[in-house]
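Try each task before you read the solution below it.

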Amino acid sequence: MEAGLIYDCGSDEIMPEQMQYQDALWRFNHMGPSEFEERQELMKEIFAECGENTFLQGPVNSNWGGRHVHLGSNIYANFNLTLVDDGHIYIGDWTQFGPNVTLTTAGHPVLPELRTGYGTVLQFNKDIHIGENAWLGAGVTVLPGVTIGEGSVIGAGSVVTRDIPANVVAVGNPCRVMREIGDRDREYFYKKDRVDWEEIRKRYSK
């Protein structure tokens, strides 16, 4: 399952363990918004790794309940993050997700005979890596085996089928690099709205 090879995803050898982790995630999704500290503690139990000050706005959906998800620190995810974590998912510090983002490590062979021809459902998994300080907009889907470089922005609704380098804006289905992040982004934060660097430094510098 973790080696990226074809296997029976409904095997009696793995289903009981998988249900155990899904039960833990169910408890997380049914905690109240005000139970912040309790949610933080449970996240450190159910995810493979979880850094500090990471907040996932429920509900969170996950095949393995987060067992194969490696979260850095200061990550934020909006509603309905879906983590198909049959393989491992690695997410760097300060990365942000819009609502309805899906990260799926699982795939099924294209050949019909390999999917169901042996009386069961066969699949394979390829790990996903997302670098630090990336931003994935609403409705983005990331497919198996993809790496997204640090600092990159993936436009809303994109389907990421191949690796995306660091510090670029990429959009579309399939997702393609549109441009590098550069000087204009330092001057404008949105279309023709300018960045007030003096105000930002005054308010937010520590």
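## Exercise 1: a loop residue

Thr95 has a relative accessibility of 0%, so it counts as buried (buried means under 20% relative accessible area, exposed over 50%, partly exposed in between, with a 1.4 Å probe and protein chains only). Before going on, some ground rules: this is a predicted model, where local features need pLDDT of at least 70, side-chain atom pairs count only at pLDDT 80 or more, and totals for chains, interfaces and linings use all residues. Residues are numbered from 1 along each chain as its sequence is written, and side-chain values use heavy atoms, with hydrogens and water left out.

**Task.** Find where Thr95 lies and which residues Thr95 touches, not counting residues up to four places away in sequence.

**Solution.** Step one: go to the loop between β8 and β9, where Thr95 lies (strands are DSSP runs of E, at least two residues, and helices are runs of H or I, at least four, numbered from the N terminus). Step two: list the contacts, meaning heavy atoms within 4.5 Å. With residues up to four places away left out, Thr95 touches Asn74, Ile75, Tyr76, Ile130, Gly131, Glu132, Asn133 and Ala134.

## Exercise 2: the parallel sheet

**Task.** Work out the strand order of the open sheet of 5 strands.

**Solution.** Step one: the order reads β2-β5-β8-β13-β16, and the pairing is parallel (two strands pair if DSSP finds at least two bridges between them). Step two: look for the edges, which are β2 and β16 (147-148), each pairing on one side only. Step three: zoom in on β8 (residues 89-91) and β13 (residues 128-130), which pair in the parallel sense over 3 bridges. Ile91 has Ile130 in β13 as its bridge partner.

## Exercise 3: the antiparallel sheet and a buried threonine

**Solution.** Step two: check the join between β1 and β12 (residues 122-125), which is made by 2 bridges. Tyr7 stands opposite Gln123 in β12.

Step three: move to Thr105, which is buried with a relative accessible area of 0%. Its side chain reaches the backbone nitrogen of Gly87 at 2.8 Å. Among the residues that Thr105 touches are Asp86, His88, Phe124, Ile128 and Pro144.

## Exercise 4: helix packing

**Task.** Which residues of helix α2 (residues 36-46) are buried, and what do the buried residues of α2 pack against?

**Solution.** Step one: in α2, pick out Arg39, Gln40, Leu42, Met43 and Ile46 as buried. Step two: follow these buried residues to α1 (15-29), β2 (49-50), β3 (55-56) and β5 (69-71), against which they pack. Step three: hop over to Gln18 in helix α1. Gln18 is buried at 7% relative accessibility, and its side chain reaches the backbone oxygen of Asn63 at 2.9 Å. The C-alpha atoms of Gln18 and Asp86 are separated by 9.4 Å, although the two residues are 68 apart along the chain.

## Exercise 5: the largest pocket

**Task.** Describe the lining of the largest pocket, then inspect β20 as one of its contributors.

**Solution.** Step one: set up the search on a 1 Å grid over the protein atoms alone, where a pocket is an open set of points with protein on both sides within 12 Å along at least five of seven lines, and lining residues have an atom within 4 Å of a point. Step two: count 29 lining residues, of which Trp135, Val153, Ile181, Asp185 and Phe189 lie nearest the centre. Step three: note that β17 (153-154), β19 (168-171), β20 (176-180), α4 (183-187) and β21 (188-190) each supply at least two lining residues.

β19 and β20 pair in the antiparallel sense over 4 bridges, with Val171 facing its bridge partner Arg176 in β20. The two strands form a hairpin with 4 residues between them, and Gly172 in the turn has a positive phi of about 110°.

Conventions:
A polar contact is a pair of N or O atoms within 3.5 Å; within protein, one must be able to donate a hydrogen and the other to accept it, and residues adjacent in sequence count only if both atoms are side-chain atoms. On a 1 Å grid over the protein atoms alone, a cavity is a set of points where a 1.4 Å probe fits but cannot get out, and a pocket is an open set with protein on both sides within 12 Å along at least five of seven lines; lining residues have an atom within 4 Å of a point.
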